[in-house]
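Hello,

Here is the structure I promised to pass on. Please open it first, then read my notes below.

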Amino acid sequence: MSDVLPITKIPRHGLPPRALVVGDPDRATAVAETLEEAVLVGQNREYRSYTGTWKGVPVVVSSHGVGGPGALCQFGELAEAGVRTLIRLGTAGSLADGITDGDLVIAEAAVRDDGVTQQLIHPEYPAFATPEAVVALSRAAPEAHRGVVWTRAAFSPLVLTLPMADYLAARVIAIEMELSALLVFASLRGLRAGGVLVIDGDARPDHPDPSAYDPHRDVVASGVARATRAALDALVELEGAE
């Protein structure tokens, strides 16, 4: 048997029990550069993984690419390698007044429109963040908004007009692509999970120009930097909570 797992190419055993997961491999590298003793421990396709320490606590930083199915492959191999707490750091579109570019959103739960978790468990099963993770993230980022987010397999505002009126009325505050897959997976496996998202645009259908979507702006980068520190600080707090 190989010493590395087949999809992510991470070590089969022995990873730290806490992981920060992101979509973009370059974001994983950027986060790793903020750690002490960062080491690349696996790279394959969209999956790039590092170990290092933050405030003396060993952590994993790993990218999962775009969409729930591929992300589930990463989550499964991280769990096999020893990870027991996962926090997703990502970007999202705003669905609410007062939540704007660069703002942070802490997910308390997610709408399961991810296109994959219905193959794991009945659709009535909820996607909820671990309460301790929500609390730790809120302490690390007290300015962040909290609420329910919508995980949707088709996310681009250029792809389709989203049927979101009911979700807007129900106060769903942001939309992204992977979090509900993480929350359901973690719940089914008895793991801890949460998510902090950075707003990179307005995803509502009455947005004046969806084609102007640009996540590569300074205001978004500043939000990602704040969210990175908050997510890592939350992992440290969760390390002390066991």
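**What I found**

Start with threonine 53, which sits in strand β3 (residues 47-54). Keep in mind that this is a predicted model. Threonine 53 has a relative accessibility of 13%. Buried means under 20%, so threonine 53 counts as buried. Setting aside neighbours within four places in sequence, threonine 53 is in contact with Leu35, Glu36, Glu37 and Pro58.

Now look at one of those contacts, Glu37. Glutamate 37 belongs to strand β2 (residues 36-44). Its phi is positive, about 55 degrees, although glutamate 37 is not a glycine. Glutamate 37 is exposed, with a relative accessible area of 66%.

Lysine 55 also deserves a look. You will find lysine 55 in the loop between β3 and β4 (57-63). Its phi is near 55 degrees, a positive value in a residue other than glycine. Lysine 55 is exposed, at 60% relative accessible area.

The largest nonpolar core has 69 residues. Leu20, Phe75 and Leu78 have the most contacts inside it. Helix α6 (residues 218-239) gives the most to this core: nine residues. Apart from this core lies another, of seven residues, including Val111 and Trp150. Phenylalanine 75 touches Val21, His64, Leu86, Ala181, Leu182 and Phe185, not counting residues up to four places away in sequence.

Last, helix α3 (residues 131-140). Here Ala133, Val134, Ala136, Leu137 and Ser138 are buried. What covers them? Among the elements that do are β5 (85-94), β6 (104-113), β8 (145-152), β10 (192-202) and α6.

Best wishes

How values were computed:
Residues numbered from 1 in each chain as written. Predicted model: local features only at pLDDT ≥ 70, side-chain atom pairs only at ≥ 80, totals over all residues. Heavy atoms only, no water. Helix = DSSP H or I, 4+ residues; strand = E, 2+ residues; numbered from the N terminus. Buried < 20%, exposed > 50% of the residue type's maximum accessible area, 1.4 Å probe, protein only. Contact = heavy atoms within 4.5 Å. Core = buried A, V, L, I, M, F, W, Y, C linked by side-chain atoms within 4.5 Å.
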